[in-house]
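Student: I have a structure open and want to learn how to read it. Can we go through it feature by feature?

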Amino acid sequence: MVFSVFSHQGLIKIRGDRCWRELTCMDYHYETQPVPNPIAYFMHRSPWWFHRFETLVNHFIELVVPFFLLLGRRMCVVHGLLQVLFQVLLIISGNLSFLNWLTMVPSIACFDDVSLGFLFSSRVKERVVQMQSKEAAREQLPRGCYIRKVVNVSFGLLIAYLSIPVVLNLLNSRQVMNTSFNPLRIVNTYGAFGSITKERTEVVLQGTSSLDPNDPAAVWEEFDFKCKPGDLKRRPCFISPYHYRLDWLMWFAAFQTYEQNEWIIHLAGKLLAQEEEALSLMATNPFAGRAPPRWIRGEHFKYKFSQPGGKHASEGKWWIRKRIGPYFPPVNLKGLKKFYEDRNWLYPVRD
C-alpha cells in the first residue's frame with residue numbers, strides 16, 4: 001500500500017507533463033501552485049541548476065525510494081525518514097493544505113519499535129520487555145489473539161485481491177490516474193501535480209455602485225480572498241494544514257471558463273446580495289457599511305512574482321499583474337434571477 005502511494009505520485013508526473021522529464025517543472029511550480037506562501041516567493045528565484053536538482057530529488061523520492069520497502073528493515077526505515085523529510089520540505093514551500101500531512105501517515109508504518117525506542121524512557125522500555133517476556137512464556141495464546149490473526153490475514157488477502165487492477169494499471173503505459181477501482185473506494189490511484197501550469201492567471205471579482213457598468217467613469221472595487229493572490233501588496237500567507245477550499249476552486253477556475261465553473265456566478269449573486277455566509281469566505285468586502293454593489297464582474301489577470309530587491313518589491317509589491325481581459329461580464333441581482341431558477345438554486349435576497 002505504501003509502495004503504491006508513492007509510486008503513483010511519481011508515475012503521474014513522468015507520464016503527465018514533459019517538463020518533469022526535462023527537469024524544468026520547478027522553474028514554474030512555486031509561482032503557479034494553488035496558494036503560494038512567502039517561502040515560495042524566494043524559492044522561485046533559485047538558480048536554474050537548483051530547480052533541476054529539486055526535480056531529480058523528486059523523481060528519486062517518488063520513483064526509487066519506494067523500492068527500499070522491499071530491501072529489509074533498515075532500508076524500510078530509511079524510506080520512512082526520506083518520505084517524511086520530503087513532505088516536510090513540501091509543507092515549508094507551499095500551502096498544499098492537508099495533502100502532505102496525510103501523505104506522511106503511510107510512512108509511519110515504516111518505523112518499528114526499535115527505531116522509535118529513543119522516544120521512550122528506559123523505564124517504559126523495560127516494562128515492555130517484561131510484558132513481552134511474560135507473553136512468550138505462555139504456552140497457549142488467548143483465543144482473542146487467534147481471532148485477531150485471522151482478521152489481519154483476511155484483511156490483507158482482501159486488500160491484495162482488490163489491488164490486482166491497481167497494480168496492473170500501475171504497470172500499464174496508459175496508466176489511468178485519480179480513479180477508484182471498486183465501489184467502496186478501498187483501493188484507488190491518486191497523484192498530484194501530474195502537469196504544471198506555466199503561467200499563473202487569477203480571476204479577480206470586482207463590484208461597482210454605478211448604475212451603468214459600461215460607464216468609463218464607473219469605479220470598480222475588488223473583493224480579496226483570504227489567501228489566494230489578489231492585492232499586489234499583500235504578503236503570501238501560511239495556512240497549511242488548513243484548507244481554504246474556495247481559494248483553491250478559484251485557482252482551478254482561472255485556467256478554465258466561467259461556463260465550466262457556474263458556481264462562480266452563484267458566488268457573484270451572493271456577493272451582490274451581501275450574504276453573510278459568502279462574505280465570511282472573503283478577506284475583504286469593499287462595500288461593508290455601505291449599500292450593496294449594483295454590479296459584479298470577473299476580470300482575468302496574469303500574475304507573476306515580483307523580483308526580490310527589484311523596483312516592484314521596493315514598492316511593497318509581492319506580485320505584478322497584467323490584465324488579460326474579462327472573465328465574465330457584469331451581472332446584477334435581477335439579471336441573475338432566471339439563471340438561478342434554471343439551476344434550482346436558492347435566489348439570494350438582500351437583507
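Predicted model: local features only at pLDDT ≥ 70, side-chain atom pairs only at ≥ 80, totals over all residues.

Student: Is Q274 buried or exposed?

Tutor: Compare the relative accessible area with the cut-off. Buried means under 20%. Q274 has 11% relative accessibility, so Q274 counts as buried.

Student: Where else is there a positive phi on a residue that is not a glycine?

Tutor: Look at L23, with a phi of about 65 degrees. L23 is in the loop between α2 (18–21) and α3.

Student: Which peptide bond is cis?

Tutor: Check omega. The bond joining S240 and P241 is cis, with omega at about 5 degrees. P241 belongs to the loop between β4 (221–222) and α11.

Student: Back to α12. How many of its residues are buried?

Tutor: Start with the general idea. An α-helix has 3.6 residues a turn, so residues three or four places apart point the same way. Now the case here. Helix α12 spans residues 263–272, and seven of its ten residues are buried. They are I264, I265, L267, A268, G269, L271 and L272.

Student: What do the buried residues of α12 pack against?

Tutor: Both helices and strands. The strands are β3 (200–208), β5 (295–305) and β6 (319–331). The helices are α11 (245–254), α13 (276–279) and α15 (337–342).

Student: How do I read a pocket?

Tutor: Begin with the probe. Rolling a probe the size of a water molecule over the atoms shows where empty space is left. Here, take the second largest pocket, with about 560 Å³ of space. Its lining has 30 residues, and M26, Y30, F86, L89 and L90 are the closest to the centre.

Student: Which elements give two or more residues to that lining?

Tutor: They are α1 (2–16), α3 (26–32), α4 (38–43), α5 (48–64), α6 (73–93) and α7 (99–104). Helix α6 gives the most, with eight residues.

Student: What classes of residue line the second largest pocket?

Tutor: Count by class: 20 nonpolar, seven polar and three charged.

Student: Which residues does the record mark as transmembrane?

Tutor: The UniProt annotation, from an unreviewed entry, covers residues 56–72, 84–102 and 150–171. Residues 56–72 are 53% helix and 0% strand, with the end C-alpha atoms 25 Å apart. Residues 84–102 are 74% helix and 0% strand, and there the end C-alpha atoms are 11 Å apart.

Student: What does H44 touch?

Tutor: H44 is in the loop between α4 and α5. It is buried, at 12% relative accessible area. Leaving out residues up to four places away in sequence, H44 touches D27, Y30, E31, H51 and F305.

Student: F305 is on that list. Which aromatic cluster includes F305?

Tutor: The cluster is made of Y41, F42, Y303, F305, W318 and W319.

Student: How many aromatic pairs are there in the whole structure?

Tutor: A search finds 20. For each pair, read the centre distance and the angle between planes. Take Y340 and W345: 5.5 Å centre to centre and 85 degrees between the planes, an edge-to-face pair. Y340 also pairs with Y347, with ring centres 6.0 Å apart and planes at 90 degrees, so that pair is edge-to-face.

Student: Is D113 buried or exposed?

Tutor: Exposed means over 50% relative accessible area. D113 has 64%, so D113 is exposed. Its place is the loop between α7 and α8 (122–137).

Student: How far is D113 from K125?

Tutor: Compare sequence with space. D113 and K125 are twelve residues apart along the chain, and their C-alpha atoms are separated by 9.8 Å.

Notes
Residues numbered from 1 in each chain as written. Heavy atoms only, no water. UniProt positions renumbered as here; feature names shortened; annotations may be inferred. Helix = DSSP H or I, 4+ residues; strand = E, 2+ residues; numbered from the N terminus. 1 Å grid on protein atoms, 1.4 Å probe; cavity = no way out; pocket = protein on both sides within 12 Å on 5 of 7 lines; lining within 4 Å. Points joined across faces, edges and corners; volume = space filled by probe spheres on them. Nonpolar A, V, L, I, M, F, W, Y, C, P; charged D, E, K, R; others polar. Buried < 20%, exposed > 50% of the residue type's maximum accessible area, 1.4 Å probe, protein only. Contact = heavy atoms within 4.5 Å. Phe/Tyr/Trp six-rings, centres within 6.5 Å; stacked < 30°, edge-to-face > 60°.
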